[in-house]
Amino acid sequence: MRIRIVDAFTDRPFAGNPAGVLLLDSFPDDDWLQNVAREVNHAETAFAHPLHNGSEADWALRWFTPTTEVALCGHATLATAHVLHTTGAHEGPVRFATRSGVLSAAPRDDGSITLDFPTAPLTPVEIPDGVAEALGAQPRTAVDTGPGVGDLVLELADQKTVLGLAPDLRALARHSERGIIATARAEDPSRGYDFVSRCFFPNVGIDEDPVTGSAHTALAPYWSERLGRPDLTGLQASPRSGRVRTELRGDRTLLTGHAVTVIEGELLA
């Protein structure tokens, strides 16, 4: 079977967030899926197979990190939609049946793809004891993103503070289900983005995720409320970096980005 590595939320190779993508006839057993994801060793590997006519979706989709299956993944969904469109396996908008319900992906005229995801429910919480020490910076606010995302959003003083983080990941893992989203307002919005973020997910085997689509289902409502606009662009300032255009539509958030296939090969196992 063919296996591809796709860089998502970027329009150039070796940036954004790489994901493995396999199109299958059906899902093999979970141990095989987990072993393949461990072998690929990227933040997520996506597995998809077509559904019969009359189903609520066009393809079934699952995502695995090197250590576990996850309920929601934006960049691997974008990567899968990119593979479907560039290989001719599916034309036009595509609906995916996932653990987070039906998610859709629609190609745009500029070559980007827009994902339609559920908006994360945000709940302000007290800043947990010890999180500032683990992160290496004092948060201004803390927001829980609910069980669908499972992160704690921490707004920091400024963009420079977010970029300079060097957290104690073992200590940080104690403060959320999946991980920590550190964010701040953009220092210079004229550079084409409105807020910055970095995402640390040691609980699912990812020290720092390069670009996290699912995190932007929380960042979009968080920053839209503060900046007074539904349409924003986020820069995830990891070493690989990537941009996510967001549009808040009530209980749905649209995430738009490009993707690039960088490796295509044959899986023999």
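Asp7 is buried, with a relative accessible area of 2% (buried means under 20% relative accessible area, exposed over 50%, and partly exposed in between, with a 1.4 Å probe and protein chains only). This is a predicted model, in which local features need pLDDT of at least 70, side-chain atom pairs count only at pLDDT 80 or more, and totals for chains, interfaces and linings use all residues. Residues are numbered from 1 along each chain as its sequence is written, and side-chain values use heavy atoms, with hydrogens and water left out.

Asp7 pairs with Arg240 in a salt bridge whose closest N and O atoms are 3.1 Å apart; a salt bridge is a side-chain nitrogen of Lys or Arg within 4 Å of a carboxyl oxygen of Asp or Glu. Asp7 belongs to strand S1, while Arg240 sits in the loop between strand S15 (231-236) and strand S16 (242-249), so the contact ties together parts that are 233 residues apart in sequence. Helices (H or I, at least four residues) and strands (E, at least two) are DSSP runs, numbered from the N terminus. Arg240 is partly exposed, at 27% relative accessible area.

## Other salt bridges

The whole structure contains 16 salt bridges. One of them joins Glu155 and Arg140, at 3.9 Å from N to O. Glu155 lies in strand S11 (residues 151-155) and Arg140 in the loop between helix H3 (131-135) and strand S10 (141-144), so this pair links parts that are 15 residues apart in sequence. Glu155 is buried at 10%, whereas Arg140 is exposed at 54%.

Asp194 and Arg229 form a salt bridge as well, with the closest N and O atoms 2.7 Å apart. Asp194 is in the loop between strand S12 (179-185) and strand S13 (195-201), and Arg229 is in the loop between helix H6 (216-227) and S15, so the pair connects parts that are 35 residues apart in sequence. Salt bridges that share partners also join Asp30, Arg62, Glu69 and Arg99 into one network.

Most residues other than glycine have a negative phi. Phe9, however, has a positive phi of about 60 degrees. Phe9 lies in the loop between strand S1 (2-8) and strand S2 (17-23) and is buried at 2% relative accessibility.

Asn41 also has a positive phi, near 60 degrees. Asn41 is found in the loop between helix H1 (30-40) and strand S3 (44-50), and is exposed at 52%.

## Cysteines

The structure holds 0 disulfides, a disulfide being a pair of cysteine sulfur atoms within 2.5 Å. The sulfur of Cys73 is 11 Å from the closest cysteine sulfur, in Cys199, and is therefore too far for a bond. Cys73 is buried at 4%, and Cys199 is buried at 0%.
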